[in-house]
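Subject: Structure for you to look at

Hello,

Here is the structure I promised to pass on. Please open it next to this email and follow along.

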Amino acid sequence: MSELTVAEATENIYASLRADNADIDAHIAALKAALTREGMKEAVFDPSKLAQSNRSGRKLMQAYFRQRGVSVRFSD
């Protein structure tokens with residue numbers, strides 16, 4: 001399996017979220033590895049691409065990702 005970029009890993013997470021969180025943990029692990037390779041400290045997501053872009057949905061996503069070692073921020 002080739003190494004993904006942060007952008008590719010982020011797109012895979014969007015696709016997983018649209019598919020009712022299918023393989024989300026594997027995609028989070030790939031994102032974490034990509035962030036480490038690229039020297040980034042946090043992932044940035046576009047709230048308009050999320051299924052639940054309200055505050056509670058974003059906070060739930062941040063908490064879930066934080067438990068797996070990925071810091072999440074949302075773009076404006």
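A residue counts as buried when its relative accessible area is under 20%, and as exposed when that value is over 50%. Keep those cut-offs in mind. Also note that this is a predicted model.

**The aromatic rings**

Start with Tyr14. Its relative accessibility is 3%, so Tyr14 counts as buried. How many aromatic pairs does the whole structure hold? A search finds two. One joins Tyr14 to Phe45, edge-to-face, with 5.6 Å from centre to centre and 85° between the planes. Tyr14 sits in helix H1 and Phe45 in strand E1, so this pair ties together parts that are 31 residues apart in sequence. Phe45 is buried too, at 0% relative accessibility.

Phe45 also pairs with Phe65. That pair is edge-to-face as well, at 5.7 Å between centres and 75° between planes. It links strand E1 to helix H3, where Phe65 lies, across 20 residues. Phe65 has 2% relative accessibility, so it counts as buried. Together, Tyr14, Phe45 and Phe65 make one aromatic cluster.

One more ring to find: Tyr64 has Arg68 over its face, 3.6 Å from the ring centre.

**The strands**

Now follow E1, residues 42-45. In a regular strand, side chains alternate between the two faces of the sheet. Here, Ala43 and Phe45 point to one face and are buried.

E1 runs parallel to strand E2 (residues 71-74), and four bridges join them. Look across from Val44 and you will see Arg73 in E2.

Is Ser16 buried or exposed? It is buried, because its relative accessible area is 4%. Ser16 belongs to helix H1, residues 6-18. A polar atom of its side chain lies 2.5 Å from the backbone oxygen of Ala22. Beyond its neighbours within four places in sequence, Ser16 contacts Asn21, Ala22, Asp23, Ile24 and His27.

Most residues other than glycine have a negative phi. Which way do Asp20 and Asp23 go? Asp20 has a positive phi, near 60°, and Asp23 has a positive phi of about 55°. Asp20 is in the loop between H1 and helix H2, and Asp23 is in the loop between H1 and H2. Asp20 is exposed, with a relative accessible area of 69%. Asp23 counts as exposed at 58%.

Best wishes

Definitions and conventions. Residues are numbered from 1 along each chain as its sequence is written. This is a predicted model: local features need pLDDT of at least 70, side-chain atom pairs count only at pLDDT 80 or more; totals for chains, interfaces and linings use all residues. Side-chain values use heavy atoms; hydrogens and water are left out. Buried means under 20% relative accessible area, exposed over 50%, partly exposed in between (1.4 Å probe, protein chains only). Helices (H or I, at least four residues) and strands (E, at least two) are DSSP runs, numbered from the N terminus. Two strands pair if DSSP finds at least two bridges between them. A polar contact is a pair of N or O atoms within 3.5 Å; within protein, one must be able to donate a hydrogen and the other to accept it, and residues adjacent in sequence count only if both atoms are side-chain atoms. Contact means heavy atoms within 4.5 Å. Rings of Phe, Tyr and Trp (its six-membered ring) pair if their centres lie within 6.5 Å; planes under 30 degrees apart count as stacked, over 60 as edge-to-face and the rest as tilted. A charge sits over a ring if NZ of Lys or CZ of Arg is within 6 Å of the ring centre and within 35 degrees of the ring normal.
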